[in-house]
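Me: I'd like to learn how to read a structure like this one, feature by feature. Can you take me through it?

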Amino acid sequence: MKMLEVRGLGHTYRGKDGTHTAIDGLEFTVDPGELVCVVGPSGCGKSTLLRTISGLIKPTRGSVSLHGNPVDGVPSDLSVVFQDYSRSLFPWLSVTKNVEFPLRKLTRRNRTTRAAEALAAVGLDGAGRKYPWQLSGGMQQRVAIARALAYRPSLLLMDEPFASVDAQTRFELEDLLLRVRREQDTTVLLVTHDIDESVYLGDRVLVLSKSPATVVADLDVPLGQHRDQITTRSSDAFVDLRARVAGLLTSAPARVR
Amino acid sequence: MNRLLRFAHRWIVFAVAVVVWELLTRAAAHPYFSPPSTIAEAAVRLWSSDSLTEDIVPGIGRLLLGWAVAAVIGVVLGVLLGRSNTARLALGPVFNFLRSIPPPLLVPFFAATVGITRMQLPVIIFGAVWPVLLNTVDGARGVDSTKVDTARVFKLSRAQWLLGVVLPSALPKVFAGLRLSLSMSLILMVISELVGSLNGIGYQLALAKDNYDAPGMWAWIVLLGVLGYLFNSLLLLLERRALAWQPRHSLEARALATGG
Ligand SMILES: Nc1ncnc2c1ncn2[C@@H]1O[C@H](COP(=O)(O)OP(=O)(O)OP(=O)(O)O)[C@@H](O)[C@H]1O
Ligand SMILES: [Mg+2]
């Protein structure tokens, strides 16, 4: 069974100054264990897509199903790393408490071990007692990732998770994500506007058009399981693929309606 | 040494003002303006053990109890109202009407309904509830949208949502409201005791006035000032602890802005 099925998904925002169609007629599926990257131009509706999949907003057209069940409201086995990670953390809770906070159904002891494991996985063993604002941007992003992982979702949604950290941290976090999803066998749908990142991370890359977003291509990434920032990024397969994605993004016409 | 300097810096103007006051009032020898030394003598005489148990402690008790009840009502109602658009829309006009009534006007009303000896507490509660309530509503409304989404995605329980997300988000505003309520409580305590009461600090103040005891009046006024200063400092201390999670710079900026 598919982990995620998106069929004819469209959303139109209604505001005071008229309506705005952010996404339209999106079709794709994600298999269990896959890491799928969604790449699209700025403002094309990527966050809207994630918000409809996570049940935070009800799409105006089409359907989303998780494990074959239609999504209506937020599914219980899904977690999200938000684009605005610093505002998504709770500044009044320590790092450990931030990670433990959503695990209310677990016993106290399980909660503690689960949070400690997740923090260790993202390399933050020592920072548990600190408050989020005492950490750098990259470390805060790790906390948000640890919190999402500790929740053990069957589907992890990530909205431009590495967009606002420096290049060095970004590479580290990308490799961290690859390692963690190998270890925990998580299914990930990651949104980015960075072409290189989508190819480096993904098993598949979905290319979106300009607003309103539709899927213009669904590409397999034949780079294998083990990737390396230097050798992978300079390999022919990588260079070819990123050129194709770049071509698709620049030529993708905004659909005429 | 550093502490000593800071202490001196903080109190030097105050001390000089007291000395100048002493010299001026001695020179003028006006019957209504007593020198601090005379006021101090009166204070020692008046804040005697009898007065302490019969006026000062009951007065402070009313103030603190009234303020605490107002705080609880204000915070609980404020958090609920802040997160419910329908309730806020429906109750908004009523609240705006009620809070526009100058609280001292309630003294005759409560004196008539609950009696002159028992009206102080209701007056304080009714007057002090609005700053906490309105500030809490404001704080609770302003929960950051990303945190709202985070709470929904992680399926937080209702208790976690209200106590773990809404309340802490609103807390800086809540404390601003608590501080306003505290000074309002002090004012209403004195007014309600001045107008009609058989004991209390306001009652003693009125008594001193009737006896043409100027140093006595000053002594009670000084006591009110000291109490106001003391309670405000304690509340500020509590606020620092409760908001210790805030980044340092924002705390200092707040302290400056609010005169703490
Ligand atoms: N709540 C809303 N009401 C009205 N319009 C909205 C709302 N949220 C987003 N939009 C509009 O929908 C479009 C898509 O927004 P969205 O945030 O999904 O894009 P995005 O691809 O995630 O952008 P970015 O790359 O900046 O993160 C934008 O034009 C935006 O202005
Ligand atoms: Mg976005």
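This is a predicted model: local features need pLDDT of at least 70, side-chain atom pairs count only at pLDDT 80 or more; totals for chains, interfaces and linings use all residues.

Me: How do I check the length of helix α4 of chain A?

Reply: Compare the expected span with the distance between the ends. At 1.5 Å a residue, the 14 residues of α4 (108–121) in chain A should span 20 Å, and the end C-alpha atoms are 20 Å apart, so the two agree.

Me: Which residues of α4(A) are buried, and where do they sit around the helix axis?

Reply: General idea first: an α-helix has 3.6 residues a turn, so residues three or four places apart point the same way. In this case the buried residues are A:Arg111, A:Arg114, A:Ala115, A:Ala118, A:Leu119 and A:Ala121. Looking down the axis of α4(A), they fall within an arc of 155°, so they line one face of the helix. As for partners, the buried residues of α4(A) pack against α3 (95–100), α5 (137–150) and α6 (167–184) of chain A.

Me: Which non-glycine residues have a positive phi?

Reply: A:Arg152 is one of them, with a phi of about 50°. A:Arg152 is in the loop between α5 and β7 (155–159) of chain A and is partly exposed, at 46% relative accessible area. A:Asp185 is another case, with phi near 55°. A:Asp185 belongs to the loop between α6 and β8 (187–192) of chain A, and its relative accessibility of 58% makes it exposed.

Me: And which residues does the cis peptide bond join?

Reply: For that one, look at omega. The cis bond joins A:Ser211 and A:Pro212, with omega about -5°. A:Pro212 lies in the loop between β9 (204–208) and β10 (215–220) of chain A.

Me: Let's move to the metal. Which residues coordinate the magnesium ion?

Reply: Start with the donor atoms. The magnesium ion, ligand 2, is coordinated by OG of A:Ser47 and OE1 of A:Gln83, at 1.9 to 2.3 Å. Then ask where those residues come from: A:Ser47 is in helix α1 (46–53) and A:Gln83 in the loop between β6 (78–81) and α2 (85–88) of chain A, so the pair ties together parts 36 residues apart in sequence. A:Ser47 is partly exposed, at 24% relative accessible area, and A:Gln83 is partly exposed too, at 37%.

Me: On to chain B. How many helices and strands does it have?

Reply: Count the elements before you zoom in. Chain B has 11 helices and zero strands. Its C-alpha atoms fill a box of roughly 70 × 55 × 30 Å along the principal axes, and 44% of its 260 residues count as buried.

Me: What happens at the start of α10(B)?

Reply: At a helix start, check side chains against backbone nitrogens. Here a side-chain oxygen of B:Asp213 comes within 3.0 Å of the backbone nitrogen of B:Gly216. The buried residues of α10(B) include B:Ala214 and B:Pro215, and both touch B:Ser34. B:Ser34 sits in the loop between α1 (2–28) and α2 (36–46) of chain B and is itself buried, at 4% relative accessibility.

Me: Last one: which residue of chain A does B:Asp144 contact through its side chain?

Reply: A polar contact of 2.7 Å joins the side chains of B:Asp144 and A:Arg87. B:Asp144 lies in the loop between α6 (120–141) and α7 (145–153) of chain B. With a relative accessible area of 19%, B:Asp144 counts as buried, because the cut-off is under 20%.

Terms used:
Residues are numbered from 1 along each chain as its sequence is written. Chains are lettered from A and ligands numbered from 1 in the order in which they are written. Side-chain values use heavy atoms; hydrogens and water are left out. Donors are N, O and S atoms within 2.8 Å of the metal (3.2 Å for Na, K and Ca); water is not among the atoms, so sites may look incomplete. Helices (H or I, at least four residues) and strands (E, at least two) are DSSP runs, numbered from the N terminus. Buried means under 20% relative accessible area, exposed over 50%, partly exposed in between (1.4 Å probe, protein chains only). The expected span of a helix is 1.5 Å times one less than its number of residues. The arc is that of the directions from the helix axis to the C-beta atoms. Contact means heavy atoms within 4.5 Å. A polar contact is a pair of N or O atoms within 3.5 Å; within protein, one must be able to donate a hydrogen and the other to accept it, and residues adjacent in sequence count only if both atoms are side-chain atoms.
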